[in-house]
Amino acid sequence: MDAPPRTTHRAELGSRALFPDLAARSYLNHAAISPASLAVREQAKAVLDDYARGGLAGLEAWLPQKARLKETLAALLGGGVRGEDLGFVPNTTAGVVQVAFSLPWERGDRVVLFEGEFPANVTPWQQAAELFGLELVWVPLAPFYESVEAGLAATERALAGGARLVAVSAVEFQTGLRMPVEALGGLAHRHGAELFVDAIQGLGVVPLDVAEVDYVACGGHKWLMGLEGAGFLYVDPAAAARMVPRLAGWLGHEDALSFLFQGAGHLRYDRPLRHEASVVEQGAPNHVGLAALEASVDLIQQLGVEAIFAHVSAFHDRLEPQLVERGFTSKRAADPRARSGSLCVLPPEGVELGALKAALVEQGVDVTMPDGHLRFAPHWPNALEEVEWVVEAVDGAMGSGTR
Ligand SMILES: Cc1ncc(COP(=O)(O)O)c(C=O)c1O
């Protein structure tokens, strides 16, 4: 059966035409949750309409879309990744959990983590450490704030003691620091370790190269601009061959569906589990979320991540100096290699962050305050002119009792 049609909407840098109902004057929360574009809404509705008309026939109509979306996501990842090396998971965490519980661990294996990471990329490793007797080794992020080279040197010191895996976020959620994923992959491999990347704060806005990465987990609702509940896990084929799929479900077997469609005699419980990324697809998929994700990634691909990153960087180039002038401390890296889609700042002394953020939201500037930082996270639909509204809102907020 042919896959259903893709979105026909066109994205334009700096245009909100596909977001007619977006309430905020300046929506800067793409590092948290993206608003749904018309493309996303229409593709999600198309799935619902097909299910409304046909039930199971709706599912059958959307099954072929899954392989097509994998190809699209693989192209976004670059690095020679193939669609068949991806499996769909509900969110980033589910991808981390899958890897943490499916490696052929040996007691005493060391896992290198980074202090200050979002907990999604910590909790599953802690749980696996308890179950499999692993040792967690923590690298501070401070050297990465100094320079890429200092960060890599600190990681190398941790790797020198031996390690099975390094787990890192492509971009740190609270400061927007981009981690040197490619170099970390090379370093890990030289020390006999694998690299796991939580890509949700980078993929879709920051050019990434995953050629040296063994595992990538990513939810779809932030910079990929899809909905919650649909994400993916990439597993390098050599790593997939080694994995022990301890968390597999009924869809993880070879010929998993044959007993439903090929008549009697196919119901068996001894079919081998697939040694490929799709083994993480445990049960019924989220077709609405996957259709929405395809639509949002199609828009990103129309523009190209390089162009989106240049656009978002121009936004921050305008905003950052005006915030610094007003006494904010910017956490944006001086080194362009370490910059991302998020500009994060600390408020001037005496300014209460919660009150400041609330006053900005009140004025139509939607921002968040992760771990004590004020985070500005624009994406392709934000116009550069919005920077002036943001600055006006900051001035208004600072003058309205946030101290
Ligand atoms: C770095 C990072 N990883 C993971 C997540 C979320 O993970 P999940 O997709 O499982 O909700 C976030 C933010 O919500 C994040 O900033």
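Two rings of Phe, Tyr or Trp count as an aromatic pair if their centres lie within 6.5 Å, with the six-membered ring standing for Trp. Keep that in mind as we walk through this model, which is predicted. A search of the whole structure finds seven such aromatic pairs.

Let's look at one of them. Trp250 and Phe259 form an edge-to-face pair, with 6.4 Å from centre to centre and 75° between the planes. Elsewhere, ring pairs link Trp125, Phe196 and Tyr215 into a cluster.

Now turn to helix H3, which spans residues 92-102. This helix is mostly covered, for nine of its eleven residues are buried. Among them are Thr92, Gly95, Val99 and Phe101. What do the buried residues of H3 pack against? Their partners are helix H4 (123-132) and the strands E2 (86-89), E6 (194-198), E7 (215-219) and E8 (231-235).

Next, find Ala61, which sits in helix H2 (residues 56-77). Ala61 has a relative accessible area of 18%. Buried means under 20%, so Ala61 belongs in that class. In sequence, Ala61 and Ala3 are 58 residues apart, yet in space their C-alpha atoms are 6.9 Å apart. If we leave aside its neighbours within four places in sequence, Ala61 is in contact with Met1, Asp2, Pro4 and Asp50.

Our last stop is a pair of helices, H6 (residues 148-160) and H7 (residues 181-190). They pack at an angle of about 25°, and their axes are 10 Å apart. Angles under 35 degrees count as roughly parallel, and H6 and H7 are therefore roughly parallel to each other. In passing H7, H6 makes a right-handed crossing. Which residues meet where these helices pack? From H6 come Leu152, Thr155, Glu156 and Leu159, and from H7 come Ala183, Leu184, Leu187 and Ala188. Sorted by class, this contact has six nonpolar residues, one polar and one charged.

Definitions and conventions:
Residues numbered from 1 in each chain as written. Predicted model: local features only at pLDDT ≥ 70, side-chain atom pairs only at ≥ 80, totals over all residues. Heavy atoms only, no water. Axes fitted to C-alpha atoms, helices over the stretch in contact; angles between N-to-C directions. Helix = DSSP H or I, 4+ residues; strand = E, 2+ residues; numbered from the N terminus. Parallel < 35°, antiparallel > 145°, perpendicular 65-115°, else oblique. Left-handed = near helix turned anticlockwise from the far one by under 90°. Contact = heavy atoms within 4.5 Å. Nonpolar A, V, L, I, M, F, W, Y, C, P; charged D, E, K, R; others polar. Phe/Tyr/Trp six-rings, centres within 6.5 Å; stacked < 30°, edge-to-face > 60°. Buried < 20%, exposed > 50% of the residue type's maximum accessible area, 1.4 Å probe, protein only.
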